[in-house]
Amino acid sequence: MSARVIDRVIGEIDRAADEIVAFTSALVRLPTVNPPGEAYEPCARFIGNHLARNGFEIEYVAAEGRPEHTSRYPRLNVVGTRRGTTRGPVVHFNGHIDVVPAGDGWTVEPFGGLVRDGRIYGRGTCDMKAGLAAAIFAAEALRRADVALAGAIEVSGTVDEESGGFAGVAWLAERGRIAHGRTDFVIIPEPLNVDRICVGHRGVYWFELTLGGRIAHGSMPFLGVSAIDAMAHVVETIRTTLQPALRARSTAMPVVPDAARHATINVNGIEGGQAIDGIQTPCVADRCRAVFDRRFLIEEGLDGAKREIEELVRNAVAPDITYQMRDLMIVHPVMTPDGSPLVGALDRAIRRVLGRPARLVASPGTYDHKHVARIAGVPHCVAYGPGELELAHQPDEWCGIDDLVHATKVMAVATLDLMGIVAG
């Protein structure tokens, strides 16, 4: 790969630094909050209009038929394509446009896109509008540097990653828009730090447990069977027996932070008995429901994780309690193949831009890699982008401008490496 061409591309990114920051801030000011899915269409069209002005072919892909896709909250994805002069690999950058609710505790406006002291603040700067901006300008820098490539560069902005990605990347994959035989490499600019390449994630088993007891007068609770008490016993059994066992299991995957290399379980929520608000009546709770989030390791597998939970529940509930378990979401662990040319290209780019080798990591949570690998069937997928993972979903979320620009350079140089230069 020509050092002269690389220097020209990096120079274009340096000249565009203020544009990249302004574009990121503009994305943050579009409050694409999920749930319910606000401002998706304006954001998709903002991205599409920018890419179209810079020579990309634009497609808008609505998730028609998905229950989340409504007239009030349309699920609209955008894909931009820049084709090379000859046939060759297709490099696809994918970033999600949705962000979680702002929550409390902010000292700056969550959707203000404030730029201050070398940082961009706002909900979604880190996770992952800075990453999406970096991907867009990495692709744009190659055009500005007048580099002719073999193959094609694609950039997609997709919806609903924070709630599973089923109307976003999964939708594109199910329809063959991202697919084995069509797409060679996928880079998802999640915030894993600029010198780390994320090669996979743990598995997820979300399930709902419903317990049934027997109603009775609250003044004589001994005549009833409390489903809440039964759920409390299940939760305590999980805390005292299952959680220690999970902490003793560790994965060979390079999951960060270190504590996430172990299997985990979390109680997402509990609901039982009467509603707390409103008029009360004296009744023993005859129903209690809880949602659990079990993160399992690639070494455990889903079947083993489910059997363990089912056995624990069966042993923990008394004979006079009924129980029902329902699967809510299942995500199998994914791992980029050893020796992937995508990992190699990003490592070489990180060494060139940052002057140090890349560190391979795996994510504690899932991201859209799962759909790229399992639905699209594209093995060469990683997460790489600016921002610190620990800042995601936090008050005063931010991304450093230096990291944003460095990540843009890394993605552009890696793309040159993957696609090859026809002329330039």
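On a 1 Å grid over the protein atoms alone, a pocket is an open set of points where a 1.4 Å probe fits, with protein on both sides within 12 Å along at least five of seven lines, and lining residues have an atom within 4 Å of a point. Grid points are joined across faces, edges and corners, and a volume is the space filled by probe spheres set on the points. The structure is a predicted model, in which local features need pLDDT of at least 70 and side-chain atom pairs count only at pLDDT 80 or more, while totals for chains, interfaces and linings use all residues. Residues are numbered from 1 along each chain as its sequence is written, and side-chain values use heavy atoms, with hydrogens and water left out.

The largest pocket holds about 580 Å³ of space. Its lining comprises 23 residues, of which Glu-161, Glu-162, Gly-365, Thr-366 and His-393 are the closest to the centre. By class, this lining contains 8 nonpolar, 7 polar and 8 charged residues, where Ala, Val, Leu, Ile, Met, Phe, Trp, Tyr, Cys and Pro count as nonpolar, Asp, Glu, Lys and Arg as charged, and the others, Gly among them, as polar.

The second largest pocket has a volume of about 290 Å³. It is lined by 14 residues, and Arg-83, Arg-87, Gly-88, Val-90 and Ala-152 lie nearest its centre. Strands β2 (76-83), β3 (86-96) and β6 (148-158) each supply at least two residues of this lining; helices (H or I, at least four residues) and strands (E, at least two) are DSSP runs, numbered from the N terminus. The greatest contribution comes from β3, with 4 residues. The lining of the second largest pocket divides into 2 nonpolar, 6 polar and 6 charged residues.

Helix α10 (residues 401-419) packs against helix α4 (residues 125-144) at an angle of about 45°, with the axes 8 Å apart. Axes are lines fitted to C-alpha atoms, for helices over the stretch in contact, and angles run from 0 to 180 degrees between N-to-C directions. The two helices α4 and α10 are therefore oblique to each other, given that angles under 35 degrees count as roughly parallel, over 145 as roughly antiparallel, 65 to 115 as roughly perpendicular and the rest as oblique. The contact (heavy atoms within 4.5 Å) involves Ala-130, Gly-131, Ala-134, Ala-135, Phe-137, Ala-138 and Leu-142 of α4, together with Leu-404, Thr-408, Met-411, Ala-412, Thr-415 and Leu-416 of α10. These residues comprise 10 nonpolar, 3 polar and no charged.

Helix α2 (residues 17-28) meets α10 at an angle of about 110°, with an axis separation of 10 Å; α2 and α10 are therefore roughly perpendicular. Ala-17, Ile-20, Val-21 and Thr-24 in α2 contact Ile-401, Leu-404, Val-405 and Thr-408 in α10, a set of 6 nonpolar, 2 polar and no charged residues. For helix α8 (residues 341-354) and α10, the angle is about 130° and the axes are 8 Å apart, which makes α8 oblique to α10.

Backbone geometry was also examined. Most residues other than glycine have a negative phi, and most peptide bonds are trans. A cis peptide bond joins Asn-34 and Pro-35, with omega about 0°, and Pro-35 is found in the loop between α2 and α3 (40-53). Another cis bond joins Asp-127 and Met-128, with omega about -5°; Met-128 is found in helix α4. Asn-193, although not a glycine, has a positive phi of about 85° and is placed in the loop between β7 (185-188) and β8 (196-201).
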